[in-house]
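Here is a short report on one chain. Read it with the sequence and the coordinates open.

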Amino acid sequence: YVKDSSKKPRGPAEYSFKAALVGVGAKFLTHHGGNDLTTDNGMDVMDNFDDAASFAEQSYPEESEEGKKIRDFFELCRQLAKDLAELLSFMKSQKKCNEKDFLDRLDKFLKSWDAALPDK
């Protein structure tokens, strides 16, 4: 919990978010320490991200500075999850797609990524 290299949750919001992911049906791969999602579960998590984020946001008082930071971050992540779900669904679809539609969805996702995680 204390080391930066630790993959265990380090705060109430992280712990609550991981617990909420399990609550919405996420399955973690146990052979990687239980921190990685299976690929098929990733799409389900994106579809239910709002519920998990709402649960995690409640781990801090609404008026606290930390609570405000977490709510602002999750708001950006909600859009990211929505755009990722749309992109993954499009890619997984059996329907023939054209390059422009794919690139439009990819661009939308990348813009959401840059907004939510600018340093990653």
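## Cysteines

Cysteine 77 is buried, at a relative accessible area of 9%. Cysteine 97 is partly exposed, with 41% relative accessibility. The structure, a predicted model, holds zero disulfides.

## Confidence in the model

The mean pLDDT of the chain is 83. A value of 70 or more is reached by 88% of the residues.

## Fold and burial

The chain has five helices and two strands. Their order along the sequence is α-β-β-α-α-α-α. The chain is 120 residues long, and 30% of them count as buried.

## Helix α3

Helix α3 covers residues 49–57. Which of its residues are buried? They are Phe49, Ala52, Ala53, Ala56 and Glu57. Viewed down the axis of α3, these buried residues fall within an arc of 135 degrees, so they line one face of the helix.

Aspartate 51 also lies in α3. Its relative accessibility is 49%, so aspartate 51 counts as partly exposed. The C-alpha atom of aspartate 51 is 9.9 Å from that of arginine 78. Along the chain, aspartate 51 and arginine 78 are 27 residues apart.

## The second largest pocket

The second largest pocket has a volume of about 370 Å³. Its lining holds 13 residues. Nearest the centre of this pocket lie Phe73, Cys77, Leu80, Trp113 and Leu117. Cys77 is thus named here again, and it is a buried residue.

Which helices each supply at least two residues of the lining? They are α4, residues 65–92, and α5, residues 99–116. Helix α4 gives the most, with six residues. What is the make-up of the lining by class? Twelve residues are nonpolar, one is charged and none is polar.

Glutamate 66 lies in helix α4. Is glutamate 66 buried or partly exposed? It has a relative accessible area of 35%, so it counts as partly exposed. The C-alpha atoms of glutamate 66 and alanine 13 are separated by 9.7 Å. In sequence, glutamate 66 and alanine 13 are 53 residues apart.

Leucine 110 is partly exposed, because its relative accessible area is 40%. Between the C-alpha atoms of leucine 110 and aspartate 83 the separation is 8.8 Å. Leucine 110 and aspartate 83 are 27 residues apart along the chain.

Note on methods: Residues numbered from 1 in each chain as written. Predicted model: local features only at pLDDT ≥ 70, side-chain atom pairs only at ≥ 80, totals over all residues. Heavy atoms only, no water. Disulfide = S-S within 2.5 Å. Buried < 20%, exposed > 50% of the residue type's maximum accessible area, 1.4 Å probe, protein only. 1 Å grid on protein atoms, 1.4 Å probe; cavity = no way out; pocket = protein on both sides within 12 Å on 5 of 7 lines; lining within 4 Å. Points joined across faces, edges and corners; volume = space filled by probe spheres on them. Helix = DSSP H or I, 4+ residues; strand = E, 2+ residues; numbered from the N terminus. Nonpolar A, V, L, I, M, F, W, Y, C, P; charged D, E, K, R; others polar. Arc of directions from axis to C-beta. pLDDT = per-residue confidence, 0-100.
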